[in-house]
Amino acid sequence: MAAATAAGAAAAAAAVSLITCYLLFHNSILKFPWARTARPSCASGRRTRRRGLVEAIGNTPLVRINSLSDATGCEILGKAEFLNPGGSVKDRVAVKIIEEALESGDLICGGTVTEGSAGSTAISLATVAPAYGCRCHVVIPDDAAIEKSQIIEALGATVERVRPVSITHRDHFVNIARRRALEANKLAAKQRESNETQTNGLDHINSKMMDDKLATMQSESKKTQNNDQTHVSTKMPHNSKCDPSSDSKGCDPSSDSKGGFFADQFENMANYRAHYEWTGPEIWEQTKGSLHAFVAAAGTGGTIAGVSRYLKEKNRSIKCFLMDPPGSGLFNKVTRGVMYTKEEAEGKRLKNPFDTITEGIGINRVTRNFMMAELDGAYRGTDREAVEMSRFLLRNDGLFLGSSSAMNCVGAVRVARDLGPGHTIVTILCDSGMRHLSKFFNDQYLADHGLTPTATGLEFLDK
């Protein structure tokens, strides 16, 4: 009897616990639209299966960053772009650039996509290009984390590591990538010319052989007729050795150049369009339009431009902010309208000093993509803040994030503190820490630059 009573009490306690959990979860759903976790139905039109790699890109989850949300009294949400197949937000850009190039004819199947990249875009292009039947050639600065070039090589792309110099230098990694595309196009043109010459030569030989053969056959026909013998057919026999289409070398993609296409992620507006047409709408849908601010760092400027412009068009009251790392001039451009001091005019830098430990964000020129951004202000972060934030999120949320993602989260806290409790802020979790092991997550490297993390909470953001 006692056992039965105990079992009943346990069952009642479990039921109360389940009801309490349901009520709490139900209330959170009503309060926060992005908390809905219902499985998509067939009627919703969402695929549970994706056809191929490209369809698996995008629709990344919007994750509540619990530690930062609880600390600020705001809902701080991160778009988990590190869950894309290529591991970063740049997968979207790679797809958009390649698809637009194929549609325009600037790139053909079997052609080579070239790009100058500090890592993430290069990895995404190397991941996506084979899905479109294309090759990839990447030029990367040799101060980028070594694991990035190792990943790109493992993906089958060609990698050139070059010394970092100013964009005004002809050997800046972006300028070299542009030249590689031109060289590929010149090689393809030469091969086409050579093939046409060979084809014309074969046509001439075939024509002469046909004339000679026909003359011989006509002569034999006359002799036969004169001798009252059976008529001989004048149909030419097919000679496969003289048919250019039978030459297997012409069908071998490794022997012929199909030309090159320079992706030009900094100036190619497909970058901006990827986020205006894709990332921005996802954020709007996932939050049901219930957000107050968006903040992100900029490298090429495509993400912040596309997302900010889309969100502003949906609701002008949404605030959009830039988060800028050390060494970048965009903070000054947004807040003061000028990129440099008079002594450091645009284009005058001849070399790249050590500016920041972060990779893929920060720039000292205004790109065509960044010009499309609609911003309400800007924040400036430090390397120490990015390092400390990455360790804080790892300890408290289990989020293993790269340097740009950590800097974005620093920006999200800054915005939350300025707006005050009760607001919803969205940022981008660009990539994971997996491609930052040799620098950003290397204890010795951090110690050498005086960046060993020591904080136990968010005190590193208190100024």
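1. Confidence first. This is a predicted model, with a mean pLDDT of 82 for the chain and 74% of its residues at 70 or more. Two stretches call for care when you read them. Over residues 36-46 the pLDDT is below 50, and beyond near neighbours in sequence this stretch has five contacts in the model. Residues 349-354 also stay under 50; for these the model has 15 contacts beyond four places in sequence.

2. The chain as a whole. You will find 13 helices and ten strands here. Of the 463 residues, 46% are buried. Among contacts between residues at least 6 apart in sequence, 73% join residues at least 24 apart. The chain exposes about 23500 Å², and carbon and sulfur atoms supply 54% of that area.

3. Helix α6. This helix covers residues 146-154, and Glu-147, Lys-148, Ser-149 and Ile-152 are buried in it. Their cover includes helix α5 (120-128) together with strands β4 (135-141) and β5 (158-162). Just after α6 comes Gly-156, which takes a positive phi of about 100 degrees.

4. Aromatic pairs. The structure holds five of them. One is Tyr-272 with Tyr-276, a stacked pair at 5.6 Å centre to centre with 25 degrees between the planes. Both belong to helix α8 (residues 270-286), and because they are four residues apart there, about one helical turn separates them. Tyr-272 is buried, with a relative accessible area of 8%, whereas Tyr-276 counts as partly exposed because its relative accessibility is 23%. Another pair joins Phe-440 and Phe-441 edge-to-face, with 5.3 Å between centres and 85 degrees between the planes.

5. Charges over rings. Arg-92 lies over the face of Trp-278, at 5.1 Å from the ring centre. The charged end of Arg-365 sits over the ring of Phe-266, 4.7 Å from its centre.

Methods. Residues numbered from 1 in each chain as written. Predicted model: local features only at pLDDT ≥ 70, side-chain atom pairs only at ≥ 80, totals over all residues. Heavy atoms only, no water. pLDDT = per-residue confidence, 0-100. Contact = heavy atoms within 4.5 Å. Buried < 20%, exposed > 50% of the residue type's maximum accessible area, 1.4 Å probe, protein only. Helix = DSSP H or I, 4+ residues; strand = E, 2+ residues; numbered from the N terminus. Areas by Shrake-Rupley, 256 points an atom, 1.4 Å probe, with all protein chains shown as cover. Phe/Tyr/Trp six-rings, centres within 6.5 Å; stacked < 30°, edge-to-face > 60°. Lys NZ or Arg CZ within 6 Å of the ring centre and 35° of its normal.
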